[in-house]
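I opened my notebook today to look up a few helices, a strand and a bit of surface. Here is what I wanted to see first.

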Amino acid sequence: MFWFSRSKPEYEPVTGLVLPGGGARNAYQVGVLRAVADILPPENDNPFPVITGTSSGAINATLLASTAGEFRNGIERLAGVWENFESSMVFYADNWSALRSASNWALTLLSAGFATGHPKSVLDNQPLRELLESHIRFARIQHAIDRGDLRALGVTSSGYDTGMSTCYYQGDQAIDPWRRTHRCGVPVELRIDHLMASIAIPLIFPSVKVNGEYHGDGTMRETAPLSPALHLGANRLLIIGVQDESHSSDEDPEYPSIGQISGYVLDTLFMDRLNADIERLNRINLTIAETGVQSVELEGKTLKPVEFLVISPSMDLSEIVAKYMKRAPTSVRALLRGMGALNRAGRPLISYLLFEGAFCHELIELGYEDGMRQRDAISQLLIPSAS
């Protein structure tokens, strides 16, 4: 699925890359970016001066930013990580860790929290922290900014105490912090804690303390997912979503299991606000186009048209999930079985948690195919001579 909005701004184009979250589904983004690398002419090696990411999308965004100016090399490094993933590289997936986690949760519930300390999460993603620390050189982000290869990187997380959606960004000193209703932008020197906070899916992964406040997954309070890229100076966007072309079943539905409901909740968390923000941006573009001017003043704000392209999976990911479900660790399959998720209705949940190389590789291939199908649209967005 793709969505393309064209405009002809009179100002210098600054392209932003927006990478929303989606757990293991985010491997798809790597495939689209690999297609972008093949579509761009060899001399164009810095297509995205502004990069923003949320949740698992923040992993892709941060690694790309740390290799800004070496876009193709960064994509191949990113592909290497995803194609060699195992669940044990993301969270402790052995049977003993799963039993210990289940026991802690059971004791907490049965004893009203008196028999044991409150468990922090269902899964412990310390292995992912160690993996990211070994692959991402955070110091290179500032080097890329100083060289002019990168304008800004933004990583969004949600504060549990303040209820704010905070985009922690590292970028050009000319970028001003911002504050809107329940969302803000804060300049920092990005570190692993900012990244781990952004991917801390509630209950599944532990919260992370940043700037004196515990933070969780950035999608929770992110009412305007495209806003950080625009605040950081982008005026055209490539948005790589992970919502698939799912299809309803003709079968008589059964009462939804915990697994199906959990998948629905994650779909809502990762997809709905992004879709709403894309529709909002499209309406603004249409409104400005009808006026025949380059910008519109509204409530003290200057609204300008934003050219954007949205690319997301052209297939029902449930069909891909079905081929690789058995590759999930025994402990994960046991958890999913207990939630009633080992059927078709539970596949959306599995697609977020199936951090296995074969599954990720097929998503990368799908992303590449979808990207190449949109060659003309990508060229029009990213290559000035094609506009």
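My entries below go through these places one by one.

**Entry on a strand.** I noted that I was working with a predicted model. I looked up T15 and found its place in strand β2, residues 15-19. Is T15 buried or exposed? Its relative accessibility is 8%, so T15 counts as buried, the cut-off being under 20%. Then I asked which residues T15 touches, leaving aside its neighbours within four places in sequence. I listed P47, F48, P49, V50, A234, R236, L381 and L382.

**Entry on helix α5.** I turned to α5, residues 126-135, and wrote down P127, L128, R129, L131 and L132 as buried. These buried residues pack against helices α2 (56-66), α3 (71-83) and α7 (192-198), and against strand β8 (208-210).

**Entry on helix α13.** I checked the span of α13, residues 357-373. At 1.5 Å a residue, its 17 residues should span 24 Å, and the end C-alpha atoms are 24 Å apart, so the two agree. Buried residues of α13 include F359, C360, L363, I364 and L366. What covers the buried residues of α13? I found, among others, α1 (27-39), α3, β13 (307-311), α10 (317-324), α12 (347-353) and α14 (375-382).

**Entry on the surface.** I went to helix α9, residues 258-291, where Y264 is found. Y264 is exposed, because its relative accessible area is 61% and the cut-off is over 50%. With I261 and V265, Y264 forms a nonpolar patch on the surface. Together the three have about 320 Å² of accessible area.

How values were computed: Residues are numbered from 1 along each chain as its sequence is written. This is a predicted model: local features need pLDDT of at least 70, side-chain atom pairs count only at pLDDT 80 or more; totals for chains, interfaces and linings use all residues. Side-chain values use heavy atoms; hydrogens and water are left out. Buried means under 20% relative accessible area, exposed over 50%, partly exposed in between (1.4 Å probe, protein chains only). Helices (H or I, at least four residues) and strands (E, at least two) are DSSP runs, numbered from the N terminus. Contact means heavy atoms within 4.5 Å. The expected span of a helix is 1.5 Å times one less than its number of residues. Patches are made of residues with over 30% relative accessible area and no salt bridge: like charges are joined within 9 Å, nonpolar side chains (Val, Leu, Ile, Met, Phe, Trp, Tyr) within 5 Å. Accessible areas come from the Shrake-Rupley method with a 1.4 Å probe; for residues, only the protein chains shown count as cover. A salt bridge is a side-chain nitrogen of Lys or Arg within 4 Å of a carboxyl oxygen of Asp or Glu.
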